[in-house]
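Hi there,

As promised, I am handing over the structure for you to open in your viewer. My notes follow below it.

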Amino acid sequence: MKSILPLLLLSIVSFTSMNASAQWSLAPSSAELKFLSTKVLMNKQSITEISSFQTLSGTVSDDGELELKVKLGSVNTQISIRDQRLRDWVFEVSKFQDAEISGKIAKVNLTALAVGAPLRIKLALVLKAHGKEIPLEADLQLVKDLGGSIYVSSISPILLDVKQLGLNIGIEKLIEVMGLASINQQVPITFYGKFIES
């Protein structure tokens, strides 16, 4: 019995250490970052379209540090000429290839995650893009599965004011070339992704 006790204690310590050093990496095939754009025609009719970014990577550390990187050149609007105009005029990917989103999930929220039990949190984020840095706030849901993976999804859209990033100059060029009355510069963004424990 005396010989078993030290082994048992060692196992508990090892298990705790493994949990303490857990890290999660975004599974690219699971990731979805979508945004809505609303254009107003000269006849005052409006059209809202769904677009996305195809290339994302990210991690969540054991301390809850969330990092997400978006390749701006991977924008997909389903129309190739529009994709190219966004890359060249709005995002200026020749100078700014990536957007980076960061935030910190409270460690207590990570340790409190129970398998299959959704946890809703408010998270302050920082967006770095186009040479600027702005704060955002997200309403997120976290769900843990039996394998230790964490699913992160936005419950409501994150609102981005493109003027804060200086993207409005490129958007004004789009308005002129496309013969529009305007394009809404408040852009709703949604996210979904599976972070696999590593």
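The largest nonpolar core has 49 residues; such a core is a set of buried Ala, Val, Leu, Ile, Met, Phe, Trp, Tyr and Cys residues joined through side-chain atoms within 4.5 Å. Those with the most contacts inside it are Phe-53, Leu-56, Phe-91, Leu-125, Leu-127, Phe-191 and Phe-195. "Buried" stands for under 20% relative accessible area, "exposed" for over 50%, and "partly exposed" for what lies in between (1.4 Å probe, protein chains only). A contact here is a pair of heavy atoms within 4.5 Å.

Please keep in mind that this is a predicted model: local features need pLDDT of at least 70, side-chain atom pairs count only at pLDDT 80 or more, and totals for chains, interfaces and linings use all residues. Residues are numbered from 1 along each chain as its sequence is written, and side-chain values use heavy atoms, with hydrogens and water left out.

Now the overall picture. The protein chain has four helices and 13 strands, taken as DSSP runs numbered from the N terminus (helices are H or I with at least four residues, strands E with at least two). Of its 198 residues, 39% are buried. Among contacts with a separation of 6 or more, 61% come from residues 24 or more positions apart. The accessible surface is about 11300 Å², and carbon and sulfur atoms hold 58% of that; the areas come from the Shrake-Rupley method with a 1.4 Å probe, and for residues only the protein chains shown count as cover.

Leu-66, Leu-68 and Val-70 make up its covered face, while Glu-65, Glu-67, Lys-69 and Lys-71 make up the uncovered one. In a regular strand the side chains alternate between the two faces of the sheet. Which strands pair with β5? Strand β4 (residues 56-60) runs antiparallel to β5 and is joined to it by five bridges, and β7 pairs with β5 in the antiparallel sense over seven bridges. Pairing requires that DSSP finds at least two bridges between the strands. Lys-69 of β5 is the bridge partner of Ser-57 and also stands opposite Glu-100 in β7. The hairpin of β4 and β5 has four residues between the strands, and Gly-64 takes a positive phi near 90 degrees there.

On to the charged pairs. There are eight salt bridges, each being a side-chain nitrogen of Lys or Arg within 4 Å of a carboxyl oxygen of Asp or Glu. In one of them, Lys-104 meets Glu-65 at 3.7 Å, N to O. This pair links distant parts of the chain, with Lys-104 in strand β7 (residues 98-104) and Glu-65 in strand β5 (residues 65-71), 39 residues apart. Lys-104 is partly exposed at 48% relative accessibility, and Glu-65 is partly exposed at 34%.

Another bridge joins Glu-49 and Arg-82, at 3.0 Å from N to O. Glu-49 lies in strand β3 (residues 46-53) and Arg-82 in helix α2 (residues 80-90), so the pair ties together parts that are 33 residues apart in sequence. Arg-82 is buried, with 13% relative accessibility. Lys-39 joins Glu-49 and Arg-82 in a network of salt bridges. Then there is Lys-34 with Glu-32, where the closest N and O atoms are 3.9 Å apart. Lys-34 is partly exposed at 34%, as is Glu-32 at 39%.

Back to helix α2: which of its residues are buried? They are Arg-82, Asp-83, Leu-86, Arg-87 and Val-90. Seen down the axis of α2, these residues fall within an arc of 140 degrees (taken from the directions from the helix axis to the C-beta atoms), so they line one face of the helix. They pack against β2 (32-40), β3, β6 (75-76) and α4 (168-178). Just after α2, Glu-92 takes a positive phi of about 50 degrees.

One last stop is Thr-48, which is found in strand β3 and is partly exposed, with a relative accessible area of 48%. Its C-alpha atom is separated by 4.2 Å from that of Thr-38, ten residues apart along the chain.

Best wishes
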